Each structure stands twice: as C-alpha cells, then as structure tokens.
Amino acid sequence: MNSPMRPPLAAIVPESAPFTAEQRVWLDGFFAGLLDGDATALSQQEAQALLPGAQIGAAAEEDDGAPWHDQTMPLTERMKLAEGRPLPRRMMAAMGQQDCGQCGYDCKDYADALFSKKEARLNLCVPGGKETARMLKTLHAEIGTASAPAAEIVEPAPAAPAGEAGRSRDNPVEATFISRTLLNRKGSAKETWHIEFDLTECGLDYQVGDAFGLYPHNDPALADAVLGALGAPADFPIGGRTLREVLIDGVSLAPAPDMLFQLFSYITGGERRKKAQALSAGEDPDGDAATLDVLAAIEKFSGVRPDPEAFIEALDPLQPRLYSISSSPKVHKGLVSLTVDTVRYDIGKRQRLGVASTFLAGRVEPGAKLRVYVQKAHAFGLPADPSVPIIMVGPGTGVAPFRAFLHERMATQAPGRNWLFFGHQKRDFDFFYEDEFSGMKATGVLTRLSLAWSRDGDEKFYVQDRMLQVGRELWSWIADGAHVYVCGDAQRMAKDVERALIDIVAAHGARSTNEAVAFVTELKKAGRYQTDVY
Ligand SMILES: Cc1cc2nc3c(=O)[nH]c(=O)nc-3n(C[C@H](O)[C@H](O)[C@H](O)COP(=O)(O)OP(=O)(O)OC[C@H]3O[C@@H](n4cnc5c(N)ncnc54)[C@H](O)[C@@H]3O)c2cc1C
Ligand SMILES: NC(=O)c1ccc[n+]([C@@H]2O[C@H](COP(=O)([O-])OP(=O)(O)OC[C@H]3O[C@@H](n4cnc5c(N)ncnc54)[C@H](OP(=O)(O)O)[C@@H]3O)[C@@H](O)[C@H]2O)c1
C-alpha cells in the first residue's frame with residue numbers, strides 16, 4: 001500500500017524527464033515497487049534522486065543480464081552460464097570480468113573486437129590469465145577461420161587503430177619518472193609508494209578517475225638468471241637488439257606460457273616430452289604448474305637448450321600495468337601521481353617480484369623516461385553536478401582515485417559533501433596521506449572520514465564493518481542523491497562492500513534483501529554506484 005502522504009506516481013517521473021513513453025512505464029513500475037513499502041521506504045525526493053537523466057532506461061534496455069559478469073565467479077561456472085549464447089557473449093564470459101581496461105577494452109568490447117577480428121591478440125586479459133587465454137583460443141577456433149591463435153604471437157600488429165598518442169596501450173608516449181615516497185611508516189608489513197611522473201614534455205593530460213598505464217622492465221637479475229639457465233649469450237642478436245635487452249623489456253618472465261612448454265616438448269624426449277606436452281595443454285602433472293614462471297620452467301626441464309630466437313617467440317609480450325591516478329591536474333599541473341603497493345612473495349627459495357610495482361619501488365631512477373599512456377576511466381568519475389554528495393570506499397591503494405577526487409573538489413570549490421571510508425592494516429603504520437586528509441577534514445573539504453584498521457584489534461575490522469556501523473547516516477546520504485564509489489581489491493573487498501551496502505539499504509531503507517539488491521542494481525545502472533577494482 002502506498003503511504004497516504006505519497007504523491008501520485010506520475011509526479012515521480014515528471015513529464016519533462018527525458019524518457020520515452022516505454023521508459024516512463026518501466027520507471028513508474030520500478031518506483032511503484034520501491035514506494036510500496038512502509039513509511040520509512042523511499043520518499044518521492046529519494047526516488048527522484050535516483051534519476052540522473054536518461055541513463056536508467058537506456059541501461060535497462062541494453063542489459064541482457066550477462067549473469068557471468070562477476071569477477072569472483074570461476075571460469076567454469078561463467079562458461080556454464082553462457083552456454084547456448086552467441087559466440088561473442090561466450091567470449092565475454094571467458095574474460096576476467098573486471099572491466100579493468102588493461103587489455104584496452106572492457107570485457108564485452110574485447111570479446112566483440114576478437115569476434116569481429118578487429119583484435120587478434122587472445123592473451124590480453126590479465127585478470128583471466130592463462131585460463132582465459134586458453135578458453136579464448138578454443139572459442140576463437142569456432143569463428144571458423146584459419147587465423148593463427150594470437151596467444152602464440154609475440155608481437156602482433158594491433159588490428160585496431162592505435163589512436164591519439166598517449167591515449168592507449170598501443171600508442172604510448174614518454175613521461176619522466178620524478179620520485180617515489182614511501183607511504184607506510186617503519187614497521188609496516190606493507191610497502192606502498194607515492195609515485196610521481198612529469199608530463200610536461202609529453203603534454204599528456206588526464207581527468208580524475210582515469211588510470212595511468214606504463215610499460216615496466218623486468219628485474220635485470222632475473223633476466224640474467226634466465227640467460228644462465230638457458231646457457232645463452234646475453235648479446236645474442238634478436239631483431240636488432242640483444243637477447244638480454246629483450247628479456248628485460250620485451251617479454252613476460254612471469255607465468256610460463258603454454259607455448260614455452262610446447263617448444264620444450266619439441267626438443268625433449270620420453271617422460272620429459274610427455275610432461276612438457278601435458279603442461280602445454282594446461283595439465284599439472286607434478287602439481288607445481290602454478291609456481292612455474294619462465295625461470296622455474298627452464299629449471300624444471302634442466303638442460304633444455306632452445307634456440308634463443310624460438311625461445312623469445314614462445315614467450316608472451318611484457319604487458320603494461322595500469323594504476324589509478326591519485327592526483328588532480330587542477331592541483332598539480334603537468335604531474336601525475338600514483339599509489340603503488342609493492343608485490344613480493346616467496347615460492348620455494350626464490351622471491352618472486354611483481355614486475356611493475358618493484359620497478360617503480362626501486363629499479364627505475366629519477367629522470368628516467370618510461371612509455372606511458374592515460375587510460376580513460378570506464379564510467380568512473382566525479383558527478384557532473386559539483387553539489388552532489390559523494391561516498392568513497394577505498395581501503396589500501398584503493399584510496400588513490402579518491403585522493404584525486406578530493407583534490408579536484410577542493411580546487412573547484414565544489415559544494416558537494418565528501419565522505420571517505422579508508423582502511424588498512426594498522427593505523428600507526430598504514431594511514432596513507434594522513435596529514436592531507438586531516439587537513440581536508442579541518443577545512444571541511446572532507447565532510448566525513450571513517451577509518452577501519454584490520455590488524456589493530458583482536459579481530460579483523462574492515463571498511464564495510466565501519467559502513468555498517470554508520471549505516472543510517474550512509475543511507476541518508478544515498479537518499480540525498482549521493483554517488484557511491486568503491487576502489488581496490490576486486491576479489492573480496494569489492495563484493496563484501498557491495499553486500500554491506502545492500503544490508504544498509506535493507507535495514508535503513510526498510511526493504512527486503514531482494515528489494516535492496518534491486519535498489520543497488522539500479523544505483524549502478526544510474527551511474528550512482530561506480531567501481532574501479534583490480
Ligand atoms: C584499473 C586498474 C587500476 C589499478 N590501480 C592500482 C593502484 O592504484 N595501485 C596498485 O598498487 N595497483 C593498482 N592496480 C594493479 C596494478 O596494475 C598491478 O596489477 C599491480 O601493481 C601488480 O603488478 P606487478 O607488475 O607489480 O605484479 P605482477 O608481475 O603482475 O605480479 C602480480 C601477480 O603475481 C601473483 N601474486 C601476487 N602475490 C602473490 C602471492 N602472494 N602468491 C602467489 N602469487 C602471487 C598474482 O598472480 C598476481 O597477479 C590497478 C590495476 C588496474 C587494472
Ligand atoms: N591475491 C590476494 O590474495 C590479494 C590479497 C590482498 C590484496 N591483493 C591485491 O594487492 C593489491 C594491493 O593491495 P593493497 O595494498 O591496496 O591493499 P590490500 O592488501 O587489499 O589491503 C587493504 C586493506 O583491506 C583489507 N581487506 C582484506 N580483505 C578485505 C575484504 N574482504 N574487505 C575489506 N577489506 C579487506 C586488508 O586487511 P587484511 O590484509 O588485514 O586482511 C587491509 O586492511 C591489490 O591489487 C589487491 O587486489 C591481492
């Protein structure tokens with residue numbers, strides 16, 4: 001039953017709103033559902049706050065469900081959900097589902113580009129890794145062409161036009177690395193760096209919400225270890241460069257690709273050949289497949305001596321890495337900053353290094369020029385209306401774009417309220433940009449700062465736990481039209497934060513869980529729930 005105080009539904013979606021008759025009917029139905037609760041349910045004002053323009057109707061029409069579009073769902077499950085769908089949709093289901101842009105597309109566009117053969121490279125999906133590349137190879141064969149699987153190509157020419165300089169991975173420009181500053185205090189278990197690049201020479205510009213792509217170099221010590229294990233000369237010529245140079249900046253030395261094992265299977269015999277064949281088919285004969293980077297693979301087949309050129313051709317190209325931009329060009333003209341967590345972990349006796357993060361954390365010298373580009377945000381940015389309130393949830397390096405948002409809103413004197421949820425392991429060691437945020441709090445730019453330290457207490461306490469504690473106020477910001485942003489870990493945090501938001505909507509917006517899920521889905525469609533996760 002509608003509350004007696006409720007206005008007629010037609011007033012919720014005004015005649016002047018930019019919708020077709022069909023969209024109006026759909027929206028009226030949607031809001032009728034939302035208004036059909038008790039007195040604490042959505043008010044007319046709240047419902048209208050969900051209407052940012054024509055986006056809801058358009059999004060609803062475009063959405064065919066893509067039920068596999070969930071980065072936490074295993075590939076086999078995703079493929080099952082896509083069974084019987086047209087090939088491009090199945091190709092989409094094979095992607096990592098993060099819409100992270102590392103391949104230069106979102107998941108759907110990458111699938112479409114492969115299907116239409118505008119894109120030939122099957123190995124660009126970083127979150128999906130080898131599993132996705134293998135599935136794409138199988139699906140690609142269904143297109144019924146004789147084209148060679150691009151996963152086997154080291155440097156294929158991009159079929160898509162590279163576009164404006166510095167705007168895509170296929171057309172990078174050079175920027176100068178300026179500096180790195182450690183953001184954690186001594187004693188932290190983490191190592192996170194504030195990184196700065198000078199863009200004045202290359203003239204690149206960007207907007208807050210965009211990501212910065214860069215081409216890293218492998219650790220030269222790892223390249224040397226590979227050379228040693230192969231018994232190959234460092235100066236062996238490869239396309240006008242030396243083998244060592246190509247190992248440092250041309251190819252990935254991380255997970256050993258199927259093609260490398262295929263190559264080994266050609267030059268070994270007996271049991272070793274069988275093992276190499278099994279590994280190249282994605283099997284795991286010794287239960288160690290996940291640990292085999294290129295060096296470990298060579299060591300496993302010790303004594304293999306492939307031709308250096310064939311060896312390089314069997315490896316994947318070294319991919320660029322993306323980082324959320326943590327600066328605003330309105331505050332720091334000609335400069336871009338990043339917030340980078342250093343990836344290091346041990347497997348057996350050897351420490352493995354994240355290529356780009358350790359490159360930025362130590363190997364690159366101030367003044368060095370790197371190949372970079374700006375990756376335009378995929379539906380991740382400040383609301384066009386500066387008076388709209390924003391809620392930002394960014395634990396760890398997830399805080400990066402929100403520092404940029406806050407700088408931008410400060411520089412433009414945006415009147416909208418700003419609420420940041422930040423969290424990390426320990427307050428004393430891992431409070432990134434503490435002075436800045438405290439200053440912003442003092443001047444009122446940061447209306448609210450809610451913190452969650454996961455390792456300060458006996459039990460884990462995360463940003464979503466803090467959100468639940470202040471759920472009533474959070475709901476009232478949403479009811480006032482706030483946009484919600486989430487940035488950081490895709491595998492667990494983003495999902496958990498979304499669940500918490502659903503619980504908050506259910507508890508404080510007086511909805512059933514299903515209604516709360518529908519509400520959050522509509523927030524997403526309306527561009528009012530945006531994520532930048534990796
Ligand atoms: C849009 C976008 C924005 C991003 N923004 C940021 C940002 O602001 N800050 C940031 O730090 N990162 C960010 N990233 C992630 C970043 O792009 C890199 O993925 C990250 O820095 C790791 O890259 P790397 O080259 O150092 O590591 P890689 O060489 O790529 O190694 C990472 C891989 O190592 C493996 N690995 C890592 N840890 C372990 C472990 N403990 N055990 C076993 N295997 C492990 C995993 O397979 C992992 O994928 C972002 C990514 C995207 C797509
Ligand atoms: N492969 C993995 O297992 C793994 C794990 C973490 C991060 N990462 C990746 O590492 C990169 C950098 O991470 P980062 O330095 O930004 O920070 P982070 O390692 O993601 O941690 C930031 C904070 O988030 C907490 N956290 C952990 N799980 C969470 C959850 N489910 N919900 C909410 N918060 C949670 C962490 O707590 P605790 O650490 O105390 O639990 C920590 O306090 C990202 O790319 C991230 O995806 C990978």
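A search of the whole structure, which is a predicted model, finds zero disulfides. A disulfide is a covalent bond between the sulfur atoms of two cysteines. For C100, the closest cysteine sulfur is that of C103, at 6.2 Å, which is too far for a bond. The cut-off for a disulfide is 2.5 Å between the sulfur atoms. C100 is partly exposed, because its relative accessible area is 22% and the buried class ends under 20%. C487 has 0% relative accessibility and counts as buried.

The structure holds one cavity of 30 Å³ or more, and the volume of the largest cavity is about 80 Å³. Its lining is made up of 15 residues, of which C100, C103, C107, C125 and P127 are the closest to the centre. Sorted by class, the lining of the largest cavity comprises nine nonpolar, five polar and one charged residues.

The aromatic side chains are the next topic. The structure holds 21 aromatic pairs. One of them joins Y215 and Y373, with 6.5 Å from centre to centre and 55 degrees between the planes, and is tilted. Y215 sits in the loop between β3 (211-214) and α8 (220-230), while Y373 belongs to strand β10 (residues 369-375), so this pair ties together parts that are 158 residues apart in sequence. Y215 and Y373 are both buried.

A second pair has another geometry. The ring centres of Y433 and F437 are 6.1 Å apart and the planes stand at 70 degrees, so this pair is edge-to-face; the class requires an angle over 60 degrees. Y433 counts as buried at 9% relative accessibility, and F437 is buried with a relative accessible area of 0%.

Ring pairs can also join into a group. F380, F402, F405 and Y485 are linked by such pairs into a cluster.

Aromatic rings also take part in contacts with charged side chains. R417 lies over the face of W477, at 4.4 Å from the ring centre. In another such contact, the charged end of R448 sits over the ring of W419, at 4.2 Å from the centre of that ring.

Definitions and conventions:
Residues numbered from 1 in each chain as written. Chains lettered and ligands numbered in written order. Heavy atoms only, no water. Buried < 20%, exposed > 50% of the residue type's maximum accessible area, 1.4 Å probe, protein only. Phe/Tyr/Trp six-rings, centres within 6.5 Å; stacked < 30°, edge-to-face > 60°. Helix = DSSP H or I, 4+ residues; strand = E, 2+ residues; numbered from the N terminus. Lys NZ or Arg CZ within 6 Å of the ring centre and 35° of its normal. 1 Å grid on protein atoms, 1.4 Å probe; cavity = no way out; pocket = protein on both sides within 12 Å on 5 of 7 lines; lining within 4 Å. Points joined across faces, edges and corners; volume = space filled by probe spheres on them. Nonpolar A, V, L, I, M, F, W, Y, C, P; charged D, E, K, R; others polar.
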